[in-house]
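This briefing is meant for a reader who is meeting the structure for the first time. It takes up the sheets, then the contact between the chains, and finally some local features of the backbone.

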Amino acid sequence: MQGHVWKFGTDVDTDAIIPARYLNTSDPVELAKHVMEDADPTFAQKVTEGDIIVARKNFGCGSSREHAPIAIKTAGVACVIAHSFARIFYRNAINIGLPILESPEAAEKIEEGHEVKVDLTTGTIFNLTTGETYQAAPFPPFMQTIMDKGGLIGYVQWRLQTESSTGPY
Amino acid sequence: MGMTIAEKILARHTDQTVVRPGDLINAKVDMVLGNDITAPTAIKEFRRIGVETVFDKDRIALVPDHFTPNKDIQSAEQAKLLREFAREHDITYYFEVGRMGIEHALLPEMGLALPGEIVIGADSHTCTYGALGALATGVGSTDMAAAMALGEAWFKVPSTLKFVFNGKLNRWVSGKDLILYLIGKIGVDGALYRSMEFCGELIDALSMDSRLSMSNMAIEAGAKCGIIAPDQTTLDYVTERAKRDFTPVYADADAEYEKVTTFDGADIEPQVAFPHLPENTRGISDVGEVRIDQVVIGSCTNGRMEDLRTAASILKGNKVHKDLRVIIIPGTQNIVRQAMKEGLLDIFLEAEAIVSTPTCGPCLGGHMGILAQGERALATTNRNFVGRMGHPGSEVYLSNPAVAAASAITGKISAPEEVL
């Protein structure tokens, strides 16, 4: 995947990603209209299909609301790269099939407006604007399988159909 | 090499005898929790899995507490989804308005989170039950859906950070202050992906209510859980309430900790977290002049009996400052009734505070006390992110109930000693 970068800072919390005043619905399209609103009120208008979010440490801290990765994914964001992710956001992103990568170097060096290409199977991030390459740890096989099945529900369905599989579930 | 409490609880819920930090495991869960914000998505995802029944109707709790009593039509539709799902699957622990409470005040009170158990909840403050010696952690709606179907969840076994609190508690210092102090020291990602264990003389001396406040905010340090080993205080609390048999779990003597940090109670005074992160803490003597527009006493962090008794002891015979409003939210119906019996509600009303039915309400900017642009609240809640209680241009400060009650009288953030 390849896309235009929107850059965010440290400790972007889930209230900034999707404020609770919009949580009286769980409709992904409604949520996407307000994505990142309290971090950047113009973001929902600017973001286009295939764009990439790059942020610094502890992205997605705060509440467990899965509405946060859902809003980001539904808005068309292809991937989130950060120095680190808060743990519930991390598992929610995997469970709903939103690609995320942890790379302190990428989070430091990629700037807003850069064009970035990502190879999810190897965890390699190419900065097409500067020519730099950064390496994130690829997903462990179990998490990659969840992503390949489109998220945890697809994975659970697959497991229920093929009881012979090993690993968690 | 032995195991920490978290490792041991996780191992006991698998078919393995030992688990180590970093292992990806599948564990059975004892309780699965959701609320009116997170469960609607979980219910939709559960239906997508295609199983006909939940794994165990006695091990799922559905608590409509965030936007209830419903604040608008949309939130009413969300709560209706829970109600209908609970009826369809005959869920034992669905708590309707009138029987409900703020989920993390309610489940301990009902004996539905117990020592040695794994509890997952589609709410980040599920970590509250670490105070009872459970491995309790917040997850998302899809995790909740999978767990409702299978009774299992995937975990990465966390390494453990041990925090030892020695010495004596200073006056007006509670579990809330210990955890704010800790977050101030290690930061909002200081325990990211880790399990925290709290121990030492100060923890031994804490009441159950105060311990629940402390574990409640483990997530604010990024932790998976914040566990206090069960002791007599724990057993006295849970034995009379427990809805299931349980087995307390303790760390092995040779358990391996990633890090052990020691604090001295003498260094810890009541804490205040400044906007817009819980790590921006100051001791009450370093706060300076901060005028406020609203005080909120309640939430899953500080809406229990001890919190209300403390607030009442300070508000008694006083009036709320003319320039602010005070919203007091008991955590559960039982707490409302107990506060009524003890005369606390009279004290609050006499002081010209309002008393609300149990709800998460203003804590997350839902309803029952939303801030306008430029307004400032002091709250006994757990988060002070931008826009948390309302307008993105408002501010939230966090404290314990004693500081909140004293500040309600003076109109600015104040130590209890200023009004006593």
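In this predicted model, strand β8 of chain B, residues 160–166, runs parallel to strand β9 of chain B, residues 195–199, and the two are paired over 5 bridges. Within that part of chain B, Leu161(B) has Met196(B) in β9(B) as its bridge partner. The points below place this pair in its sheet and then turn to chain A, to the interface and to the backbone.

**The parallel sheet of chain B**

- β8 and β9 belong to an open sheet of 4 strands in chain B, which has the order β10-β9-β8-β11 and parallel pairing.
- The edges of this sheet are taken by β10 (225–228) and β11 (259–264) of chain B, each of which pairs on one side only, and from one strand to the next the twist averages 20 degrees.
- Helix α6 of chain B, residues 175–186, packs on this sheet and touches β8, β9 and β11 of chain B, while its direction makes about 130 degrees with that of β9(B).
- Helix α8 of chain B, residues 208–216, also packs on the sheet, where it touches β8, β9 and β10 of chain B, and its direction makes about 155 degrees with that of β10(B).

**The mixed sheet of chain A**

- Chain A holds an open sheet of 7 strands with mixed pairing, in the order β4-β3-β2-β1-β5-β6-β7.
- At the edges stand β4 (100–102) and β7 (133–135) of chain A, and because each has a single partner strand, one side of each is left without a neighbour in the sheet.
- Direction ignored, neighbouring strands of this sheet are turned against each other by 30 degrees on average.
- Strand β5 of chain A, residues 115–119, pairs with strand β6 of chain A, residues 124–127, in the antiparallel sense over 4 bridges, and in β6(A) the bridge partner of Val116(A) is Asn127(A).

**The interface of chain A and chain B**

- The contact draws on 42 residues from chain A and 51 residues from chain B, and between them the two chains bury about 3,900 Å², of which 58% is on carbon and sulfur atoms.
- There are 3 salt bridges across this interface, including one between Asp143(B) and Arg91(A), whose closest N and O atoms are 2.8 Å apart.
- Across the interface there are also 20 residue pairs in polar contact, with both residues at pLDDT 80 or more.
- On the side of chain A that touches chain B, at least two residues each come from α4 (67–74), α5 (87–96), α7 (141–148) and α8 (152–161) of chain A, and α5(A) gives the most, with 7 residues.
- Sorted by class, that side of chain A has 19 nonpolar, 12 polar and 11 charged residues.

**Local features of the backbone**

- Most residues other than glycine have a negative phi, and most peptide bonds are trans.
- The peptide bond from Thr68(B) to Pro69(B) is cis, with omega near -15 degrees, and Pro69(B) is placed in the loop between β3 (60–63) and α3 (73–88) of chain B.
- Pro275(B) and His276(B) are likewise joined by a cis peptide bond, for which omega is about 0 degrees, and His276(B) is found in the loop between β12 (271–273) and β13 (281–283) of chain B.
- Asp11(A), although it is not a glycine, has a positive phi of about 50 degrees, and Asp11(A) lies in the loop between β1 (2–7) and α1 (14–17) of chain A.

Technical notes: Residues are numbered from 1 along each chain as its sequence is written. Chains are lettered from A and ligands numbered from 1 in the order in which they are written. This is a predicted model: local features need pLDDT of at least 70, side-chain atom pairs count only at pLDDT 80 or more; totals for chains, interfaces and linings use all residues. Side-chain values use heavy atoms; hydrogens and water are left out. Contact means heavy atoms within 4.5 Å. Buried area is the accessible area (1.4 Å probe) that two parts lose on being put together, summed over both. A salt bridge is a side-chain nitrogen of Lys or Arg within 4 Å of a carboxyl oxygen of Asp or Glu. A polar contact is a pair of N or O atoms within 3.5 Å; within protein, one must be able to donate a hydrogen and the other to accept it, and residues adjacent in sequence count only if both atoms are side-chain atoms. Ala, Val, Leu, Ile, Met, Phe, Trp, Tyr, Cys and Pro count as nonpolar, Asp, Glu, Lys and Arg as charged, and the others, Gly among them, as polar. Two strands pair if DSSP finds at least two bridges between them. Axes are lines fitted to C-alpha atoms, for helices over the stretch in contact, and angles run from 0 to 180 degrees between N-to-C directions.
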